[in-house]
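I opened the notebook to look up the salt bridges in this structure. My entries follow the display.

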Amino acid sequence: MDDFGSGYSSLNMLTSLTFDALKLDMAFVRNICSDSKAARLVGIIIEIARLLEVPVIAEGVEHKEQMELLKTLGCDVIQGYYFSKPLPPDEFVHLIEKQQKENGYAYS
C-alpha cells in the first residue's frame, strides 16, 4: 500500500485490501526527529504492520537522524535522498558495485 496515511489509504482499508508491504508517506517521515507525536505515530504504524505481517517502507528520508530513528523503530526498508537521488538502472548498478568495493565485498 503506497503512501499510507494520505489520500484514500486509511485504517479501514487495511482490513479490506490485500497488500504485501506498507509504504509510509514521506509526510510522516519529515518531522519524526523534531516532533515526538510524529515519531510515536510512525512507531504505531510499524506495530500495525507487524500485526498484519507486512514489511514497512519509509520514503523521503533526507537526513541521517531520520534514518537512525526509523531503524530504531523497526522500519524494514528506508529510501530517500539521504542515500541517493533516483538513478537510471545502469547508474544504480555502478553505485551498488562501488559501495560493495568500499565495504570490502567481493563482486563477481
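Entry 1. I began with Arg-50, which forms a salt bridge with Asp-76, the closest N and O atoms lying 3.0 Å apart. I took a salt bridge to be a side-chain nitrogen of Lys or Arg within 4 Å of a carboxyl oxygen of Asp or Glu. Arg-50 sits in helix α3 (residues 36–52) and Asp-76 in the loop between α4 and β3 (77–78), so the pair ties together parts 26 residues apart in sequence. Helices (H or I, at least four residues) and strands (E, at least two) are DSSP runs, numbered from the N terminus.

Entry 2. I noted what I was working with: this is a predicted model, where local features need pLDDT of at least 70, side-chain atom pairs count only at pLDDT 80 or more, and totals for chains, interfaces and linings use all residues. Residues are numbered from 1 along each chain as its sequence is written, and side-chain values use heavy atoms, with hydrogens and water left out.

Entry 3. I looked up accessibility, where buried means under 20% relative accessible area, exposed over 50%, and partly exposed in between (1.4 Å probe, protein chains only). Arg-50 is partly exposed at 37%, and Asp-76 is partly exposed at 40%.

Entry 4. I counted four salt bridges in the structure. Another of them joins the side chains of Glu-59 and Lys-23 (3.5 Å, N to O). Glu-59 is in the loop between β2 (56–58) and α4 (64–73), and Lys-23 is in strand β1 (residues 22–24), 36 residues apart. Glu-59 counts as buried, at 11% relative accessibility.

Entry 5. I then checked Glu-68, which forms a salt bridge with Lys-64 at 3.8 Å between the closest N and O atoms. Because Glu-68 and Lys-64 are four residues apart in helix α4, about one helical turn separates them.
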